[in-house]
Amino acid sequence: MIKIKNVQYVKSILSANERPIPALPEIAFVGRSNVGKSSLINCLVNVKNLARVSKQPGKTRAINYFSVDNRFYLVDLPGYGFAKVSKSAQVDWQRVIEAYLLNNQQIRRILVLIDSKVGAKENDRQLIEWLEFNRAPYRVVATKVDKISRSERAVQARKIREALNQSRNEPLLFFSAKDRTGREELLKYIGELLEGSEK
Ligand SMILES: Nc1nc2c(ncn2[C@@H]2O[C@H](COP(=O)(O)OP(=O)(O)OP(=O)(O)O)[C@@H](O)[C@H]2O)c(=O)[nH]1
Ligand SMILES: [Mg+2]
């Protein structure tokens with residue numbers, strides 16, 4: 001498991017060519033608005049208000065970079081699928097996200113967050129399909145797992161995999177920023193990703 005000592009907000013960008021220097025490995029967080037991306041990042045690094053959390057969906061509008069021990073970046077992407085946002089703004093966001101995700105050699109993993117209780121929606125399925133098509137490395141993290149019972153986990157995991165057309169043994173990580181379920185597992189996973197890439 002990686003130890004995190006110093007975390008800093010680096011910058012917010014709207015286009016891929018503004019990515020921070022130095023280039024470091026990047027772990028990206030993507031998912032629907034309100035799914036808990038910013039909360040997960042705060043929980044992971046143990047800093048309360050690092051990434052902004054909001055009750056208003058659509059809060060994170062730019063791509064936010066956080067540097068961890070000058071070793072790698074956690075990247076908080078804007079959420080998609082928020083109904084109150086105009087169609088043209090949705091398309092803009094999609095462009096921003098896709099441009100970031102494509103042709104980025106620094107990305108070690110794209111963590112696709114899906115709400116444990118709500119499950120995967122059509123736009124989640126489209127994102128996964130797009131990631132697969134582009135051979136982008138991703139893994140699904142089911143968030144807010146404190147909202148469902150232990151026995152519901154397996155049921156929800158099956159539903160999410162089905163909705164995303166994934167195989168039954170596709171790994172899925174459960175996480176809760178509220179009770180910190182899955183935090184150590186995710187830190188361990190990120191540690192493995194970084195080790196693999198630093199060799
Ligand atoms: N119960 C519960 N609530 C959570 C959890 N994580 C986040 N929330 C709540 O969900 C809401 C949205 O959380 P955010 O972290 O802002 O979600 P986001 O994905 O960053 O949202 P956008 O920036 O709008 O895309 C907030 O009210 C959080 O308090 C969790 O693990 N459990
Ligand atoms: Mg956010």
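Guide: Buried means under 20% relative accessible area, exposed over 50%, and partly exposed in between (1.4 Å probe, protein chains only). Helices (H or I, at least four residues) and strands (E, at least two) are DSSP runs, numbered from the N terminus. This is a predicted model, in which local features need pLDDT of at least 70 and side-chain atom pairs count only at pLDDT 80 or more, while totals for chains, interfaces and linings use all residues. Residues are numbered from 1 along each chain as its sequence is written, chains are lettered from A and ligands numbered from 1 in the order in which they are written, and side-chain values use heavy atoms, with hydrogens and water left out.

Visitor: Which residues of α1 are buried?

Guide: Eight of the nine residues of helix α1 (residues 37-45) are buried, so the rest of the structure largely encloses this helix. Just after α1, N46 takes a positive phi of about 65 degrees. The buried residues are K37, S38, L40, I41, N42, C43, L44 and V45.

Visitor: Within what arc do the buried residues of α2 fall?

Guide: The buried residues of α2 are A89, W93, V96, I97, Y100 and L101. The arc is that of the directions from the helix axis to the C-beta atoms. Seen down the axis of α2, these buried residues line one face of the helix, because they fall within an arc of 125 degrees.

Visitor: Which exposed residues does the face of α2 turned away from its buried side carry?

Guide: The buried residues of α2 pack against β2, β3 (63-68), β4 (72-76), β5 and α3, where contact means heavy atoms within 4.5 Å. The face turned away from that buried side carries the exposed residues K87 and R95.

Visitor: How far apart are the end C-alpha atoms of α3?

Guide: The expected span of a helix is 1.5 Å times one less than its number of residues. For the twelve residues of helix α3 (residues 122-133), the span should therefore be 16 Å, and the end C-alpha atoms agree, being apart by 16 Å.

Visitor: Against which elements do the buried residues of α3 pack?

Guide: In α3, the residues D124, L127, I128, W130 and L131 are buried. They cover an arc of only 160 degrees around the axis, which puts them on the same side of α3. Their packing partners are β2 (26-31), α2 (87-101), β5 (107-115) and β6 (138-143).

Visitor: What is the handedness of the unit made by β5, α3 and β6?

Guide: Six bridges join β5 to β6, and the two run parallel; strands pair if DSSP finds at least two bridges between them. Within this pairing, I110 stands opposite Y138 in β6. A crossover is right-handed if, with the strands pointing away from the viewer, the path from the first strand over the helix to the second runs clockwise. The β-α-β unit of β5, α3 and β6 is right-handed.

Visitor: Which residues have the most contacts inside the largest nonpolar core?

Guide: A nonpolar core is a set of buried Ala, Val, Leu, Ile, Met, Phe, Trp, Tyr and Cys residues joined through side-chain atoms within 4.5 Å. The largest such core has 34 residues, and those with the most contacts inside it are L77, Y100, L101, I110, V112 and L131.

Visitor: What is the relative accessible area of T143?

Guide: T143 is found in strand β6. Leaving aside residues up to four places away in sequence, T143 touches V35, L113, I114, D115, S116 and F175. T143 is buried, and its relative accessible area is 2%.
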